[in-house]
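Please read these notes with the model open beside you.

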Amino acid sequence: MIVVALLAACLPHGALGAGTADLVTSYLLESDGQSYPLTRQWARAFSDGSNGWIVCVEAAGAHCAELRAFHTGEVLALRGMAAWPADVRALTAGLWPVLSARVNLTSGLVSSWPIGGPGRDETRLVATGAWAREGRRFGWSPTLAVVSATGWTGSGHFGATVMLDGTEVVEGTWALEITLCRAGGACQPLVSRGALRTTPAAAVLRAAHPCPQRGESGSRAPLCLADGTVLDDAGAAGGTP
């Protein structure tokens, strides 16, 4: 029994696995007294074992991105997020490790997720530290760092909780407070606090397909939605995370 318990502590407790094209999960994102419908829809599988998910936030219009993550929940990329309005990017800056929770109880766990910047100019937060059981929930208070190809640095705090049903995140909270500084020294705060919970609301299934824009293969191409939206960061300005 002791061996089983130790093994269980080493396994990921929440993760995004493969899905089917008709699988849509509806959430309600709540922040600063406002509520925003959010949907997560499986879109495609990649050859490295990761999966692409279409995540859309309804905040003065629909804003969609492709979340690419491994089955462990590790976030690889958010394609299309660079085109979002700055306030929506800030709103969701701490959402991604909750929505794609890499819940692991082992020490030395490292997770990261992008907060802005397209492609090679991407800025990511890197969080180090294990999750801990808190009754029916898991809590996370990692050490936070900033990794940026364009010279941004930063320091701050991040905390999160999730409640799981198997591998599905049914509830979560986050609080992110970080100061980001340019290479030249100008600094600005980034604050993101919110809660996420599943809802029984009917979700809109968005048709999507890979659409090569620059002659790339289908596996590397961005997703195109039926309304013509291209989930791609090519050509987006670097600017502020």
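**Notes on the model**

1. Gly184 is exposed, with a relative accessible area of 80%. The cut-offs are these: buried means under 20% relative accessible area, exposed over 50%, and partly exposed in between, with a 1.4 Å probe and protein chains only. Gly184 sits in the loop between β12 (168-181) and β13 (187-198). Its C-alpha atom is separated by 8.9 Å from that of Gly151, 33 residues apart along the chain.

2. On provenance: this is a predicted model, in which local features need pLDDT of at least 70 and side-chain atom pairs count only at pLDDT 80 or more, while totals for chains, interfaces and linings use all residues. Residues are numbered from 1 along each chain as its sequence is written, and side-chain values use heavy atoms, with hydrogens and water left out.

3. The sheet comes next. It is open and has 10 strands, in the order β5-β4-β3-β2-β1-β13-β12-β11-β9-β8, with antiparallel pairing. The edge strands, each pairing on one side only, are β5 (75-79) and β8 (132-134). From one strand to the next, the twist averages 25°. Strands (E, at least two residues) are DSSP runs, numbered from the N terminus. Two strands pair if DSSP finds at least two bridges between them.

4. Look at strand β3 (residues 51-58). Of its 8 residues, 7 are buried, so β3 is largely enclosed by the rest of the structure.

5. How many bridges join β2 to β3? There are 7, and strand β2 (residues 34-45) runs antiparallel to β3. Trp42 stands opposite Trp53 in β3. The hairpin of β2 and β3 has 5 residues between the strands. Gly49 in this hairpin takes a positive phi near 95°.

6. On the other pairing, β3 meets strand β4 (residues 62-69) over 8 bridges, again in the antiparallel sense. Gly52 stands opposite Arg68 in β4. Asn51 stands opposite Ala69 in β4. The β3-β4 hairpin has 3 residues between its strands. Ala60, in the turn, has a positive phi of about 55°.

7. Asn51 is found in strand β3 and counts as buried at 4% relative accessibility. What joins its side chain to that of Trp42? A polar contact of 2.8 Å does. Such a contact is a pair of N or O atoms within 3.5 Å; within protein, one must be able to donate a hydrogen and the other to accept it, and residues adjacent in sequence count only if both atoms are side-chain atoms.

8. Now the disulfides. A search of the whole structure finds 3; the criterion is a pair of cysteine sulfur atoms within 2.5 Å. Counting bonded cysteines along the chain, the pattern is 1-2, 3-4, 5-6. In general, a disulfide is a covalent bond between the sulfur atoms of two cysteines.

9. Cys56 and Cys64 form a disulfide with their sulfur atoms 2.1 Å apart. The torsion about the S-S bond of Cys56 and Cys64 is about 110°, so this disulfide is right-handed. Cys56 counts as buried at 2% relative accessibility. Cys64 counts as buried at 11%.

10. For Cys181 and Cys187, the sulfur atoms of the disulfide are 2.0 Å apart. The S-S torsion of Cys181 and Cys187 is about 105°, so this disulfide is right-handed.

11. Cys211 and Cys224 form a disulfide with their sulfur atoms 1.8 Å apart. The link of Cys211 and Cys224 is right-handed, with 80° about the S-S bond. This pair links distant parts of the chain, 13 residues apart: Cys211 is in the loop between β14 (208-210) and β15 (223-225), and Cys224 is in strand β15. Cys211 is buried, and so is Cys224.

Notes: Helix = DSSP H or I, 4+ residues; strand = E, 2+ residues; numbered from the N terminus. Axes fitted to C-alpha atoms, helices over the stretch in contact; angles between N-to-C directions.
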